[in-house]
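Here is a friendly tour of one protein model, with an eye on its pockets. Please keep the sequence and the 3D view at hand as you read.

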Amino acid sequence: MSTQYNILLQKLETYIRKFYYQKLIRGGLLFVTGFLSVFLLIALLEYFGYFNSVTRAILYYGFMGFSLFVLFFFIVKPLLGLYKIGKRLSYEDAAVILGKHFKNEVNDKILNTLQLHKNLGVNQQEGELLM
């Protein structure tokens, strides 16, 4: 039973890794498109607007703030999750996501297996009842 549980954990770990890779790719695309779009917008505004120094500073710092915000939330956070630093998607959360995606085949069987194994480890004497 333990080897099958370890195989399940390995597959969940693979899913979590792929989940963060997907978030990283999506974040990279959002960062590049957002960066270029806002840069082009600001460049066009500056070209046609002939703004004074205060307005230019507001545009510049707004652009930098937007870029850093998108960089942090869409690239750095998935990288931290991918390298297991900080808060990460748990096995239970991954099981819930998989259960929602495969409603007919899996539903909540993975989550039930994880919870039963956790209860088995806590209540060793009552383990026979859970099996």
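## The largest pocket

Eight nonpolar, two polar and four charged residues make up the lining of the largest pocket. Here Ala, Val, Leu, Ile, Met, Phe, Trp, Tyr, Cys and Pro count as nonpolar, Asp, Glu, Lys and Arg as charged, and the others, Gly among them, as polar. A pocket is an open set of points on a 1 Å grid over the protein atoms alone, where a 1.4 Å probe fits, with protein on both sides within 12 Å along at least five of seven lines; lining residues have an atom within 4 Å of a point.

This pocket holds about 240 Å³ of space, a volume being the space filled by probe spheres set on the points. Of its 14 lining residues, Tyr20, Lys23, Phe73, Lys77 and Pro78 are the closest to the centre. The elements giving two or more residues are α1 (2-49) and α2 (53-82); helices are DSSP runs (H or I, at least four residues), numbered from the N terminus.

## About the model

This is a predicted model, where local features need pLDDT of at least 70 and side-chain atom pairs pLDDT 80 or more, while totals for chains, interfaces and linings use all residues. Residues are numbered from 1 along each chain, and side-chain values use heavy atoms, without hydrogens and water.

## The second largest pocket

At about 160 Å³, the second largest pocket is lined by Phe39, Ile42, Glu46, Arg56, Leu59, Tyr60 and Phe63. Helix α2 provides the largest share, four residues. Five of the lining residues are nonpolar and two are charged.
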